[in-house]
Amino acid sequence: MTQTPHISVQHLNVHIADQHILKDINIHIPDKSVISIIGPSGCGKTTLLKSFNRLLDNTPDIKITGNVLVDKENIYAPDAEVTHIRKKMGLLSQRPYPLPMSIYDNVAYGPRIHGIRKKAELDELVETQLKATGLWNEVKDRLNASATRLSIGQQQRLCLARGLAVGPEIILGDESTSALDPVSTAIIEDLFISLKEKYTIVLVTHILRQARRVSDYIIFVYMGKIIEFGPTEEVLLNPKEELTKEYVKGYIS
Amino acid sequence: MNIRLLKDKLLSKLMLVLTLASVSLLLVIGIGLYYKSIPILQKLSWGTLLTTSVWKPLKGLFGFFPFIMGTLWVTGIAIIIALPLCLLTALYIVEYAPARIKRILTPFVNLLSGIPPVIFGVWGVLFIIPLIQDHIAPHFVEFSTGYSVLAGGIVLAVMIFPLIVSIISEVLRTIPQELKDASLSLGATKWETIKKVVLRKALPGIVAATVLAISRAFGETIAVLMVCGNNAAVPHSVFDPGYPLPALIANNYGEMLSIPMYDSALMFAALLLFIIILLFNIISRVILARLERKLAA
């Protein structure tokens, strides 16, 4: 990998209760590209993703050891400030979860929390991000309507706009298209591809075709360990590891 | 086959009849109370009964205004004290408490609702009354016996506490973690998330819990009558005694019924309580429906 790593994971171990979910994870995630994490259900994909913005902190009985460096700053250091870390990353979950407020307020929520109060500034931010996610023309006449009135696909794009509005560097997607129809899925996938010019994008997906369509690199996780990491075509078409080969061919799932 | 279908139909009809029977009980009670109140209503108008403050049964003067105000004061104080405490307790239990503390706290809160009202009354007399008389009232008024609407409100607040906490906790538990994660992942702190997302989403449930608690508080009798002084005058401060409607009925029904109209007057008190609770429930349902529609729109 030629680029400088954006996220570096060093000896990351995650235990929940007495289960060892992630086992000695070491990986360097390159800057400004799309990386897909693939693997069978329950292998630890989502846990790995959530370890990047410390959303695991709220899980009961959890023990996390090791380091995750974002821009060379260890986010698990005792003095790390968690809201500042999370602000660097937008999260797009499996199903859209619009906040219980208007379309406008959903996008303005993050900026307001981080101290932007001026109406003109907020207006501009909202418009920019809604345009970036292709939602502007669909909602510009009803910005004050409740976000739950939108279709599921529109809601997911709204959630993406909401995440982009705090000016993150990284976008984390946790099977972000699994609840969407094919058309909305295609829109979101295209957005990911166009957004990688500005952002580092890490996706969890169980759809291999999607991983192939959108990602530059693939991480294959199995039973809490990283089995293989490399450029998309290499991992999918010419895997080095036997386990990857079996998964890609559909023998293990 | 036919017998099975018949059974199915019969059962559903039976359930309908049983449901209607229990619902119509409400109507029967209402009509019964009205019927029993007719003698006093023939002699005195609704307006006189509701707005005058003189209570002299021997002279045939029945003014219910002090009792209505007593009920409203005690209930109002109870809710003002209980609601913030309950909200913060429920938030702590659901959002902040570690799993182990959660497991200990929840049954304790529920246990509180199992304590008989009369014990709360005794606790009020032994603990709250002296507290108000010696330590709270002297800062504000010249003299108070401690038997006051404030004492009634405090005892009542403790009694409705477990009900509100358990309903609000249930409501808070229904809010998906992913919604909270969405707010947290934007860099909001936990408190910001609770204030702007969790409470907003839970608002209709919190209102519903409050309504249920107020309905219960209106009717609570024994513990309140033990501490609130039972003086038939309109309270003007929290340190004045009050005389809520349920206490009036419980204290007097079955005694002095030889006084003309007294029986009917007490039945009218019951009818009033019934109407207050009914009206309150109808109004709050309308508010709740509007609120839900506003949040959905």
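Predicted model: local features only at pLDDT ≥ 70, side-chain atom pairs only at ≥ 80, totals over all residues.
Local features were kept only at pLDDT of at least 70 and side-chain atom pairs only at pLDDT 80 or more, while totals for chains, interfaces and linings use all residues. Residues are numbered from 1 along each chain as its sequence is written, and chains are lettered from A, with ligands numbered from 1, in the order in which they are written.

Helices and strands here are DSSP runs (H or I, at least four residues, for helices; E, at least two, for strands), numbered from the N terminus, and two strands count as paired if DSSP finds at least two bridges between them. In general, strands of a sheet pair through backbone hydrogen bonds, either parallel or antiparallel. One open sheet of chain A has 6 strands in the order β6-β7-β8-β3-β9-β10, with mixed pairing. Its edges are β6 and β10 (225–231), each of which pairs on one side only. From one strand to the next, the twist averages 15°; angles run from 0 to 180 degrees between N-to-C directions, with axes as lines fitted to C-alpha atoms, for helices over the stretch in contact. Within this sheet, β3 (residues 34–38) and β9 (residues 217–222) of chain A run parallel and share 4 bridges, and Ser36(A) has Ile218(A) as its bridge partner in β9(A).

A second open sheet of chain A is antiparallel, with 4 strands ordered β2-β1-β4-β5. Here β2 (19–30) and β5 (73–74) of chain A have a single partner strand each, so one side of each has no neighbour in the sheet. Strand β4 (residues 62–70) of chain A is joined to β5(A) by 2 bridges, antiparallel, and Leu69(A) finds its partner in β5(A) at Asn74(A).

Helix α6(A) (residues 152–164) lies across β6 and β7 (170–174) of chain A, at about 165° to β6(A). Its 13 residues reach 18 Å from first C-alpha to last, close to the 18 Å expected at 1.5 Å a residue, where the expected span is 1.5 Å times one less than the number of residues. A residue is called buried if 20 or more other C-beta atoms lie within 10 Å of its own (exposed: 12 or fewer; partly exposed: in between; C-beta atoms placed from the backbone). By that count, 12 of the 13 residues of α6(A) are buried, so the helix is largely enclosed by the rest of the structure. Among them are Gln154(A), Arg157(A), Cys159(A) and Arg162(A).

On to the chain contact, where two residues touch if their C-beta atoms, placed from the backbone, lie within 7 Å. Chain A puts in 23 residues and chain B 20. On the chain A side, α2 (82–87), β6 (89–92), α3 (103–113) and α6 each supply at least two residues, and α2(A) gives the most, with 4.

Chain B has 11 helices and 2 strands, and its C-alpha trace spans about 70 × 70 × 35 Å along the principal axes. Of its 297 residues, 36% are buried. Beyond its neighbours within four places in sequence, Ile160(B) contacts Ala78(B), Ala82(B), Ala213(B), Arg216(B) and Ala217(B).
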